[in-house]
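This briefing walks through one protein model, part by part. Keep the sequence and the 3D view open while reading.

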Amino acid sequence: MHILLVEDDHLLGESVKEYLEENGIDVEWIEDDREIENIFDFNRYDVIVLDLILKYQKGEDILRNLRMKGVKTPIIILTAKDTIKDKETCFNYGADDYLTKPFSPKELLLRIKALSKRKHIETVFKIGDVEIDIDRQTVYKNGEEVKLSKTMWELLYLLLKNKGSVVSNERILNYVWGTKPVGDEIIRTYIKELRKILPKDSIKTYKGRGYKLE
C-alpha cells in the first residue's frame, strides 16, 4: 500500500511515517506543502492523509482543489481542528474520514486500511479476451499469461486507472518516465506494443492530446 502524508510538523510526520512503514505501508511524506504542486498523479496513492493547519496553504483548500481536479483517492483529514463546523466543511469538500489530534497511531493505521479497501473494490479488469489483475500485476490473454516490462505495466496501469478518460501525453511522461529526457515518440512506441495485446480499438488516440482506454 502506498500513501501520501501531508504534515508540516516534523516530529509528528517522522513518527507517523516510521510507524506506518513498520506496519508495511509505503509512505511518501510532504513536509513543505508547496511541494504538492509537483505531484502530477494523485490517483497512484491508495490513501492521502492531509493535515489542515499547514505553513503555506490551508488544508481545506488543498482538499477542495484535489476533488475539483477529479482526484478520487480516499482522503483522511488529520488535524487539531475538532469543531463540528470544521468537520462539516471537510466532508462537504470531499473528505472520506476525519481524525483529530492527539490520536492513536494504531487507529490511524486501521482507518487507512479501511479506506484503502474502498479504492480497491475493483482489482480485476476484463477487456475482451484480456484479463488484467491489478493486485497481482498480471495480464492474461485467452488464458495465457503475457509478460510485461515494468515500463509497459506502468503505462497500462495509468490507462486502466483512468479508463474512459483521456490521459495526456504530459501526464504519461511524468508518471511512467519521470525526469528522463524522453518525448512523445516513446509513448507511441509503447502504445503500439500495448495494442498488440489488447483488443482492437481499445486504446483511442487523441492527436496532440493523449490516449484513452475504452
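The model is predicted. The mean pLDDT of the protein chain is 88, and 97% of its residues reach 70 or more.

**Confidence by element**
- Among the elements of the protein chain, strand β3 has the highest mean pLDDT, at 95.
- The lowest mean pLDDT among the elements, 84, belongs to strand β6.

**Strand β1 and its partners**
- Strand β1 covers residues 2-6, and five of the five are buried, so the strand is largely enclosed by the rest of the structure.
- The side chains of H2, L4 and V6 point one way from β1, while I3 and L5 point the other way.
- Strand β2 (residues 26-30) runs parallel to β1, and five bridges join the two.
- Within this pairing, I3 has V27 of β2 as its bridge partner.
- Between β1 and β2 the chain passes through helix α1 (residues 10-22), and this β-α-β crossover is right-handed.
- Strand β3 is also parallel to β1, with four bridges joining them.
- Here I3 stands opposite V47 of β3.

**Two residues: V49 and E28**
- V49 is found in strand β3, and E28 is found in strand β2.
- Is V49 buried or exposed? Its relative accessible area is 1%, under the 20% cut-off, so V49 counts as buried.
- E28 has a relative accessibility of 26%, which lies between the cut-offs of 20% and 50%, so it counts as partly exposed.
- Leaving aside neighbours within four places in sequence, V49 is in contact with I3, L4, L5, V6, I76, L78 and I112.
- With residues up to four places away in sequence not counted, E28 touches H2, I3, L4, L5, I39, R44 and Y45.
- V49 and I75 are 26 residues apart along the chain, and their C-alpha atoms are separated by 5.9 Å.
- E28 and T138 are 110 residues apart along the chain, and their C-alpha atoms are separated by 25 Å.

**Helix α2**
- Which residues of helix α2 (residues 59-68) are buried? They are G59, E60, I62, L63 and L66.
- Seen down the axis of α2, these buried residues fall within an arc of 160°, so they line one face of the helix.
- An α-helix has 3.6 residues a turn, so residues three or four places apart point the same way.
- The buried residues of α2 pack against strand β3 (47-50), strand β4 (75-79) and helix α3 (84-93).
- Just after α2 comes G70, which takes a positive phi of about 90°.

**The four-stranded sheet**
- Four strands form an open sheet in the order β6-β7-β8-β9, and their pairing is antiparallel.
- Strands β6 (124-127) and β9 (144-145) stand at the edges with a single partner strand each, so one side of each has no neighbour in the sheet.
- Strand β6 is joined to β7 (residues 130-133) by four bridges, and the two run antiparallel.
- In this pair, I127 stands opposite V130 of β7.
- Helix α5 (residues 150-161) packs on the sheet and touches β6, β7 and β8 (138-141).
- The direction of α5 makes about 95° with that of β7.

Technical notes. Residues are numbered from 1 along each chain as its sequence is written. This is a predicted model: local features need pLDDT of at least 70, side-chain atom pairs count only at pLDDT 80 or more; totals for chains, interfaces and linings use all residues. Side-chain values use heavy atoms; hydrogens and water are left out. Two strands pair if DSSP finds at least two bridges between them. Contact means heavy atoms within 4.5 Å. Axes are lines fitted to C-alpha atoms, for helices over the stretch in contact, and angles run from 0 to 180 degrees between N-to-C directions. Buried means under 20% relative accessible area, exposed over 50%, partly exposed in between (1.4 Å probe, protein chains only). The arc is that of the directions from the helix axis to the C-beta atoms. pLDDT is the predictor's confidence in each residue, from 0 to 100. A crossover is right-handed if, with the strands pointing away from the viewer, the path from the first strand over the helix to the second runs clockwise.
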